[in-house]
Amino acid sequence: MSIRRLPEKLVNRIAAGEVVERPAAALKELVENALDAGATRVAVRIAEGGILRLEVDDDGCGMTASDMALALERHATSKLPTDAIEDVTTMGFRGEALPSIASVARLTLESRVAGADGWRRVIDNGSLIAEGPAALAKGTRVMVEDLFARVPARRKFLRSARSEYAACLDVVKRLAMARADVGFTVEHDGRRVLDVQGGQDRLSRVAALTQRDLAANSIGVDVERGEVRLGGVISLPTYNRGIADHQYLFVNGRPVKDRLLVGALRGAYADLLARDRHPVVALFLDLPTSEVDVNVHPAKTEVRFRDPQLVRGMIVGGLRRALDEQGFRSVQRPAEAALAAWQQEPAAPAPTSGFLFGQRSEPAVHLFGADVAPPPADAARVYDRMMPFAGASAPIAGRAEVAEAPPPVAADHPLGIARGQIANTYIVAEAEDGLVIVDQHAAHERLVLEKLRRGMAGQAVPSQGLLL
Ligand SMILES: Nc1ncnc2c1ncn2[C@@H]1O[C@H](COP(=O)(O)OP(=O)(O)O)[C@@H](O)[C@H]1O
Ligand SMILES: [Mg+2]
């Protein structure tokens with residue numbers, strides 16, 4: 001077999017295998033290009049999870065018609081003016097995203113630089129099919145349609161439009177966190193799903209893009225060691241998730257999914273979280289470009305540190321210290337807020353209706369008995385003991401009332417007297433010292449176990465010989 005040089009189209013398609021594995025990966029490259037072009041706002045439109053169409057509009061520097069032709073060639077980039085790849089500060093630098101995407105989709109590139117006319121080029125799976133003038137404001141618009149339509153092997157591996165969309169949104173969120181100075185919008189199938197203004201500071205941007213309760217359940221981190229700086233927010237151990245999807249990590253402003261960083265994060269929370277729970281974090285590590293290599297993989301989401309131990313030590317140490325200082329705090333759940341609101345209700349006679357269980361049984365057993373309110377100081381003390389973290393922030397205007405003596409409970413019924421059953425599973429009973437909820441299936445198993453145990457003790461467990 002003789003060796004041959006592969007045609008450019010095929011080379012691009014092979015590279016596309018790594019650079020654009022799914023719509024979100026193509027989108028990431030396009031948004032990175034917009035940011036590298038100095039955009040102050042980036043508008044993203046996604047149709048059917050990006051499989052049908054992806055569009056990125058920016059108000060960056062734009063390209064001339066001749067640059068547009070070059071941009072679509074392999075290894076053509078404006079981002080390495082010298083050959084010093086170690087000093088790269090832009091998101092892109094490999095010059096392979098546009099030609100790779102254009103080799104596996106229909107790509108429409110429209111661009112205009114200040115003081116010139118706009119131009120359009122359309123490339124369909126690697127072949128130029130149209131070009132000509134285009135009317136647009138200064139900046140660039142890139143549209144990617146029918147991704148992998150001619151690469152069935154790839155298309156087969158795409159997930160549902162919904163999960164491809166989720167991956168696309170995640171990519172934009174991460175880049176939007178990395179660049180709080182830039183405004184971002186995302187539309188999916190015509191619906192606006194993300195909208196953040198430019199000129200925010202990092203922490204407000206993180207707050208705008210994460211769940212609302214993170215702010216109340218997180219602590220700030222800011223550690224500096226020499227020229228290395230680690231900042232951001234981390235969740236309290238009590239605020240965690242079943243999957244590690246809300247961990248936003250950045251190295252020199254680049255979103256990364258780096259093993260060393262994830263491992264260090266795990267190390268920092270090791271004694272505070274179960275193995276299958278994950279904290280929510282947005283951490284920004286900034287260090288001199290000479291200390292980190294971003295050219296590890298075409299997708300540029302992995303990095304290599306010159307001194308991995310220093311980075312690991314800084315993350316584990318910095319996070320532990322921050323968590324230790326906040327050791328007394330724990331998660332603020334909506335239920336606690338509701339409880340606090342209840343505590344603040346004005347003291348009033350107990351209502352005659354609205355009991356927990358539809359009707360009142362006779363004689364009435366009140367959850368909270370009569371009209372005597374204890375001195376508020378007592379209520380406050382009880383409340384403080386219950387929820388030390390709520391501290392002074394929840395004023396007590398109590399309605400705590402003395403409970404009526406429960407009906408006598410026979411000593412041989414330590415689980416109290418059954419009052420009802422819920423969901424065919426739980427027995428609710430009233431005992432001397434409170435309310436008891438029993439999982440009846442678990443209780444039955446326990447009774448069987450006890451019976452067997454007793455039988456064993458008396459050597460009288462009935463047994464049957466097996467035939468086989
Ligand atoms: N949105 C854009 N605005 C201005 N120039 C762009 C834009 N997208 C791409 N370019 C130009 O096209 C070149 C090639 O882009 P790409 O293939 O993504 O490679 P890279 O980003 O690694 O340079 C870039 O270096 C840049 O000069
Ligand atoms: Mg690029």
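Which of the 20 residues around ligand 1 come nearest? Select N33, T77, S78, K79 and G95: they come nearest among the 20 around ligand 1, where being near takes a heavy atom within 4 Å. You're looking at a predicted model, in which local features need pLDDT of at least 70 and side-chain atom pairs pLDDT 80 or more, while totals for chains, interfaces and linings use all residues. Residues count from 1 along each chain as its sequence is written, chains are lettered from A and ligands numbered from 1 in the order written, and side-chain values use heavy atoms, without hydrogens or water.

**Stop one: the ligand**

Zoom in on N33, where a polar side-chain atom sits 2.8 Å from an oxygen atom of ligand 1. Polar contacts here are pairs of N or O atoms within 3.5 Å. Next, click G95: one of its backbone N or O atoms is 2.7 Å from a ligand 1 oxygen. At L98, a polar backbone atom lies 2.9 Å from an oxygen of ligand 1.

Now colour the shell by class: nine residues are nonpolar, seven polar and four charged, with Gly counted as polar. Show α2 (23–36) and α4 (97–103), which each supply at least two shell residues; α4 gives the most, with three. Helices here are DSSP runs of H or I with at least four residues, numbered from the N terminus.

**Stop two: a helix pair**

Select α8 (residues 259–268) and α9 (residues 308–325), which pack at about 35° with axes 8 Å apart. The axes are lines fitted to C-alpha atoms over the stretch in contact, and angles run from 0 to 180 degrees between N-to-C directions.

Terms used: A polar contact is a pair of N or O atoms within 3.5 Å; within protein, one must be able to donate a hydrogen and the other to accept it, and residues adjacent in sequence count only if both atoms are side-chain atoms.
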